[in-house]
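Reader: Hello! I am new to protein models, and I would like to learn how to read one. Could you walk me through it, please?

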Amino acid sequence: MVGVYNLHPFGSQQVVPCQREPQQFCCGGCDALFVASGCKVETFSVPGAELCRQRGSFSTLGRVLRMAYSEVGDYLVAIEEKNRSIFLHAYVNWRSKRTENSRVCIRMVGHNVEASFCESSRDQMSIIEMPMPEAPLCISCCPVKGDLLVGCVNKLVLFTLKYLIINEELSVLDFERSLIIHIDNITPVEISLCVGYVAVMSDLEVLILKLESDPINEERVNHHPQETSNQSRQTEDVSNERSQLESEDFVICLKPMELLGEKCEQQSGISVKLESTGLSDEKLKYLRVQYLLYRRFAPDISFYVLSDNIKLHSLQLLPIHQTGFHPDGKDLSQEKELLSLFCFFSLPHVGYLYMVVKSVELMSVYRYPEKSQQAVLTPQFLHVITSSRKDASVRSRTSHPAESGWNLYIVNTTAPVQLYKEMVDYSNSYKTVKTQSCIHLLSEAHLLVRAALMDGSQLDPAEKAELLEAFKESCVHLGDCYSRLDTEQSHLALPYYKMSGLSLAEVLARVDLTRENESQKYEKGLIFYINHSLYENLDEELSEELTAKVAQIFHVAEPKQLPHVLSSPSLKNIDPLTALRYLRKLDTCGLSPVLVTLTKAAMALKMGDLDMYRNEMKSHSEMKLVNGFILEPQLLIQRWKGQIVPTEFAIHLKETQPELLVASVLGLQKNGKTGIEEADFFFKVLCGKNEDTIPQLLVDFWEAQLVACLPNVVLQELFFKLTSQYIWRLSKKQCPDTIPLRTAEDLINACSHYGLIYPWVHVLITSNSLADENYTEDLLKLQSLICSPSFDVPSIIPFLEPLSEDTVAGLSAHVLCRTRLQEYEQCIDILLKRCPEVVIAYANQELKEEHWILWWKKLLPELCQKVKCGGEKHQLYLSLLKEALSVIAVGLDLRNFLNVLPEDGAAAFFLPYLLFCSQKKSLT
């Protein structure tokens with residue numbers, strides 16, 4: 001509901017003397033006024049605050065019954081009567097008609113203007129005759145496109161505005177009758193058109209439609225209107241019902257009804273069909289109609305004595321749009337982007353405002369103190385003319401006739417800023433009693449200024465700056481109201497204070513605070529604003545005085561939020577003694593004791609009292625402390641000016657309890673209190689490392705993530721982070737900057753993603769052939785990850801390049817990866833070249849089942865070749881060959897064993913293995 005206040009936002013008036021009695025009048029944009037009397041129209045200039053003067057006059061072809069002006073196209077259209085016939089004419093280029101005797105061009109709509117146009121016609125007024133199939137009843141011009149809609153009995157006719165190009169410098173306005181909308185069972189009294197939206201009003205009914213282009217669904221197009229059997233039957237039923245009611249001797253009122261969307265089509269009884277009448281096929285649009293709203297009124301039966309008391313009036317579609325100049329800079333006509341569309345209509349004592357774009361919604365209901373005669377809606381005001389005066393609850397320049405004499409009066413509205421100041425002064429009378437009226441008045445004043453800013457295309461910079469200052473001030477007033485009054489909408493203090501541009505410190509300075517007064521009451525609007533402001537990281541550091549004020553406010557009004565408030569970076573200047581005094585007064589019932597403990601510990605650190613800090617931290621287990629940090633992450637991680645900043649608490653834990661710190665940050669991530677990248681950056685900043693350097697504490701955190709198996713962590717990304725760091729440190733032979741929190745054995749025992757290291761890898765590590773290598777925990781962890789069944793081996797191979805196969809780390813990593821890829825022959829070649837001592841242990845582990853054949857297909861020939869070549873490792877290769885022959889002799893029968901032996905080998909060398917193989921068969 002919207003209240004109506006008699007503020008009379010009218011600063012002055014202008015008298016417009018007319019030669020004849022005014023019968024019809026309308027505004028011609030922002031600078032002209034049309035006054036019709038009989039068959040003559042006078043035009044007046046309305047130059048702002050200056051006196052009005054007559055611009056000119058012209059004769060019409062008939063007596064003017066109705067007229068309307070379109071700013072787009074700058075034309076006047078009129079319904080005229082002549083010889084008892086009704087006509088429709090459009091008056092174009094009327095500004096050129098200075099005198100009564102000036103020449104006039106009369107042409108038919110759609111006439112071939114290009115052929116008959118001459119240079120002398122440039123400065124002539126043109127009258128366009130628009131033939132109608134039936135007598136026109138009402139007219140409406142689209143405020144955005146300039147199209148014309150004409151209402152007749154049972155149909156609406158749409159004329160599309162177009163410009164005919166005569167030459168490069170001149171175009172002529174014309175119309176094309178493009179569409180007929182057939183409407184049954186409603187006789188239009190008033191109509192309104194705006195960018196494809198059509199509103200039709202009878203005495204007691206309102207119908208809102210939307211015309212849509214639908215070239216895909218061509219079956220909906222009616223070049224000749226046809227009616228479906230269902231619609232015909234429904235329309236016939238309603239018509240019969242109405243005719244039956246009309247034939248009775250008594251009055252029956254149809255029940256009030258409001259229908260939205262498809263229900264309008266199904267239940268209103270109004271049939272709508274489209275007939276396209278475009279002349280050129282290439283411009284033909286396939287259209288369909290969408291029902292938006294149908295509303296029917298049935299007033300109190302007592303009003304039927306006076307019929308005027310039960311009729312609707314003042315139908316209007318009001319677009320709210322942004323304006324801007326054409327991007328090419330040549331066309332000075334303004335492009336308009338539709339932001340929203342409203343439909344207004346009124347009964348004598350109540351007005352209705354609907355929003356019709358995107359969704360249909362009743363926005364406001366206006367109740368008038370007196371019977372209304374006419375109403376006009378503007379972006380800022382709703383002007384209502386009543387029987388004895390003119391009220392306003394919204395702004396515009398309007399016109400109305402005087403009570404006597406042939407004068408018209410133009411009422412000039414007060415400037416928005418001046419009216420705003422008067423409304424604010426008026427609202428001050430309500431402040432002491434704390435009523436909703438104060439908020440209501442300030443809201444109206446705020447909307448007044450905001451509407452003026454939205455429609456600011458014609459404002460100069462000084463006016464716009466003044467309006468903007470008033471807008472911010474209105475936001476401050478509303479923020480104060482919602483923060484101090486006990487209202488259900490107290491949460492609105494936050495957005496209004498934000499729009500005001502005031503800082504948190506400036507808002508707090510407006511709070512009337514009585515220090516140490518436990519009975520002081522602070523409303524929830526203020527608490528809501530401060531709480532959200534502190535959590536939105538305003539990058540605003542409050543003074544010690546203001547931090548004490550905030551602490552007292554929450555101690556009195558919302559003590560459960562006090563630990564959270566004290567942890568905000570905006571309160572870093574809080575006196576720790578003051579904070580501890582309030583914390584010790586807290587009733588822990590309903591409040592987490594561990595959170596209070598951690599907040600006390602943080603204040604103890606701030607004071608440098610380590611004994612108090614240790615006593616507080618010892619009062620709870622490590623698991624409970626982790627839960628406390630999860631309840632308030634800002635005890636560890638804060639954000640300041642877009643950057644992550646570790647707290648003093650986090651820095652102290654890094655030095656004294658790194659395990660608790662890692663577990664706490666892991667808990668924050670697990671509970672969605674911090675992101676993956678944020679946590680990584682936190683540890684880098686905490687350890688004083690740049691983005692390219694990874695501290696060991698961050699590696700500890702990654703390992704903890706892998707152990708915890710967090711659902712929001714991509715496993716392979718975590719594998720990549722860890723293996724990359726292990727490889728980098730091994731390649732640089734660099735030790736961790738701190739002692740790792742977990743050993744490789746700890747990780748293998750705690751996490752399935754760290755696999756058991758293959759036995760032959762241990763043989764490789766203990767080999768003496770590469771004794772110059774320093775083996776670290778990093779190598780064991782890298783080997784364990786590669787052995788994990790969930791590890792994606794191909795993804796890591798390109799990153800193994802820094803690890804040379806000349807080192808144990810490189811050799812073990814390369815061979816492990818190739819083994820996981822089942823590249824056994826390459827692994828045998830690498831091991832025989834780099835570390836032959838391991839080859840038999842490797843073969844025993846890996847060459848099984850379907851890979852067993854590689855013992856004699858690959859390993860045996862390679863060892864025989866190595867022995868034959870001699871060299872310093874001859875004895876080692878010979879020993880390996882004997883071990884291989886022993887394994888093969890056990891696995892093969894005598895014939896197969898004989899076949900795999902080399903043909904050029906010494907019989908004496910292989911004889912013991914042949915005997916063993918033959919004896920094995922006899923034993924079995």
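Author: Gladly! Let us begin with helix axes: an axis is a line fitted to C-alpha atoms, for helices over the stretch in contact, and angles run from 0 to 180 degrees between N-to-C directions. Helices (H or I, at least four residues) and strands (E, at least two) are DSSP runs, numbered from the N terminus. This is a predicted model, where local features need pLDDT of at least 70, side-chain atom pairs count only at pLDDT 80 or more, and totals for chains, interfaces and linings use all residues. Residues are numbered from 1 along each chain as its sequence is written, and side-chain values use heavy atoms, with hydrogens and water left out.

Reader: At roughly what angle do the axes of α17 and α19 cross?

Author: Helix α17 (residues 658-670) and helix α19 (residues 696-708) cross at roughly 55°, and their axes come within 10 Å. Angles under 35 degrees count as roughly parallel, over 145 as roughly antiparallel, 65 to 115 as roughly perpendicular and the rest as oblique. α17 and α19 are therefore oblique to each other. For handedness, a crossing is left-handed if the near helix is turned anticlockwise from the far one by less than a right angle, and right-handed if clockwise. The crossing of α17 and α19 is right-handed.

Reader: Which residues of α17 and α19 meet?

Author: Contact means heavy atoms within 4.5 Å. From α17 come Pro 658, Leu 661, Val 662, Val 665, Leu 666 and Gln 669, and they meet Leu 697, Asp 700, Phe 701, Ala 704, Gln 705 and Ala 708 in α19. By type, this contact has nine nonpolar residues, two polar and one charged. Here Ala, Val, Leu, Ile, Met, Phe, Trp, Tyr, Cys and Pro count as nonpolar, Asp, Glu, Lys and Arg as charged, and the others, Gly among them, as polar.

Reader: Why do residues three or four places apart in a helix point the same way?

Author: An α-helix has 3.6 residues a turn, so residues three or four places apart point the same way.

Reader: How do α28 and α29 pack, and at what angle?

Author: The angle between helix α28 (residues 854-869) and helix α29 (residues 874-891) is about 150°, with their axes 9 Å apart. That makes α28 roughly antiparallel to α29. Their crossing is left-handed. Among the residues of α28 in this contact are Trp 855, Trp 856 and Leu 860, while those of α29 include His 874, Tyr 877 and Leu 878. The contact divides into 14 nonpolar residues, one polar and one charged.

Reader: Now sheets, please. What is the order of the strands in the open sheet of five?

Author: Two strands pair if DSSP finds at least two bridges between them. In this open sheet the order is β11-β12-β13-β14-β19, and the pairing is antiparallel. β11 (138-141) and β19 (272-276) are the edge strands, each pairing on one side only. On average, neighbouring strands of this sheet are turned by 25° against each other, direction ignored.

Reader: How many bridges join β13 to β14?

Author: Twelve bridges join β13 (residues 155-167) to β14 (residues 170-183); one example pairs Lys 162 with Asp 174 in β14. β14 also pairs with β19, in the antiparallel sense, over five bridges. There, Ile 183 has Val 272 in β19 as its bridge partner.

Reader: How many residues of β19 are buried?

Author: Buried means under 20% relative accessible area, exposed over 50%, and partly exposed in between (1.4 Å probe, protein chains only). Five of the five residues of β19 are buried. Val 272, Leu 274 and Ser 276 point one way, and Lys 273 and Glu 275 the other way.

Reader: Is Gly 11 buried or exposed?

Author: Gly 11 is exposed, with a relative accessible area of 57%. This residue lies in strand β1 (residues 10-17). Not counting residues up to four places away in sequence, Gly 11 touches Asn 412, Thr 413 and Thr 414.

Reader: And is Gln 783 buried or exposed?

Author: Gln 783 counts as buried, at 1% relative accessibility, and sits in helix α23 (residues 777-786). Leaving out residues up to four places away in sequence, Gln 783 touches Ile 757, Val 761, Ile 765, Ser 812 and Leu 816. Gln 783 and Leu 816 are 33 residues apart in sequence, and their C-alpha atoms are 7.6 Å apart in space.
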